[in-house]
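Hello,

Here is the structure I promised to pass on. Please open it alongside this note; my findings follow below.

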Amino acid sequence: MPKSLWVTAALLFLFLSACTSAAIPTHEAELELPQPTQAEVASVLKYHSLDTKTQIEEIDLVLNVIAGGDAQELRNLFGFTKIACKSIVNALGGPPPCRNGESEGTIVDVLPFLGSEGSYLRKDEINQFPGLNVIGLYAIYQVSDTAYSEESFPAGEYGVMLVTPDNFPGIVLQVKVGQIVRIDYIYDRSSFDVILQRDASIVLLNPNLK
């Protein structure tokens with residue numbers, strides 16, 4: 001083969017190799033993908049301002065504290081459930097696990113969290129709760145009698161549905177007598193309206209669809 005053809009073939013090989021390498025993202029590049037911004041979340045989920053008033057005293061109390069952003073004031077609203085711990089428990093719906101040194105059936109004060117699995121915040125761990133990173137209010141509803149509720153995971157009288165800028169887009173505060181008795185995490189944006197249809201007996205504040 002003439003020398004000029006060897007040079008042309010070599011250049012063509014290098015060009016194709018470079019194109020192939022550029023088309024295959026590395027693992028490192030995938031890990032560096034940016035997270036959704038508040039504006040991107042807002043473009044999918046319309047929401048009300050956190051300073052919205054409902055004229056329902058116990059709900060407005062909770063909203064005022066959330067809007068103020070004071071984590072300690074928020075922790076003061078926690079209504080803990082007294083329940084007996086167990087040595088062996090199921091991930092969802094079971095009672096809180098006993099700590100080392102606690103006998104089976106010891107009564108403990110906990111705030112339940114409900115997501116893909118259930119978990120608890122003990123009363124003596126309250127200062128570990130960092131507060132809520134929320135950007136808006138999606139809806140408020142009266143909780144139906146058919147909504148999920150167990151002794152270990154009590155439902156509230158009201159559900160306060162909040163939008164977050166995090167990887168999981170929402171939180172529902174279960175509120176009863178002005179206290180937060182359970183915190184539910186929403187992991188899928190499409191679940192907001194599903195939860196309203198499933199768990200609401202009356203929607204007190206509808207989603208802002210403008």
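The side chains of Asp199 and Arg198 are joined by a polar contact of 2.8 Å. A polar contact is a pair of N or O atoms within 3.5 Å; within protein, one must be able to donate a hydrogen and the other to accept it, and residues adjacent in sequence count only if both atoms are side-chain atoms.

Some ground rules. This is a predicted model, where local features need pLDDT of at least 70, side-chain atom pairs count only at pLDDT 80 or more, and totals for chains, interfaces and linings use all residues. Residues are numbered from 1 along each chain as its sequence is written, and side-chain values use heavy atoms, with hydrogens and water left out.

**Asp199 and Ala200**

Asp199 lies in helix H6 (residues 191-199). Ala200 is found in strand E8 (residues 200-205). Helices (H or I, at least four residues) and strands (E, at least two) are DSSP runs, numbered from the N terminus.

Asp199 is buried, with 9% relative accessibility. Ala200 is buried too, at 18%. Buried means under 20% relative accessible area, exposed over 50%, and partly exposed in between (1.4 Å probe, protein chains only).

Now the contacts (heavy atoms within 4.5 Å). Leaving out residues up to four places away in sequence, Asp199 touches Tyr141, Gln142, Val143, Ser144 and Ala147. On that basis, Ala200 touches Tyr141, Gln142, Ser144 and Ile195. Ala200 and Gly159 are 41 residues apart along the chain, and their C-alpha atoms are separated by 8.1 Å.

**Aromatic pairs**

Rings of Phe, Tyr and Trp (its six-membered ring) pair if their centres lie within 6.5 Å; planes under 30 degrees apart count as stacked, over 60 as edge-to-face and the rest as tilted. By this rule there are seven aromatic pairs.

One of them is Phe113 with Phe129: tilted, 6.0 Å centre to centre, 40° between the planes. Phe113 sits in strand E2 (residues 107-114) and Phe129 in the loop between strand E3 (118-122) and strand E4 (136-143), so the pair ties together parts that are 16 residues apart in sequence. Phe113 counts as buried at 9% relative accessibility. Phe129 counts as buried at 7%.

Tyr185 and Tyr187 form a tilted pair, at 6.5 Å centre to centre and 50° between the planes. Tyr185 is partly exposed, with 26% relative accessibility.

Which residues do ring pairs link into a cluster? They are Phe78, Phe80, Phe113, Phe129, Tyr185 and Tyr187.

Best wishes
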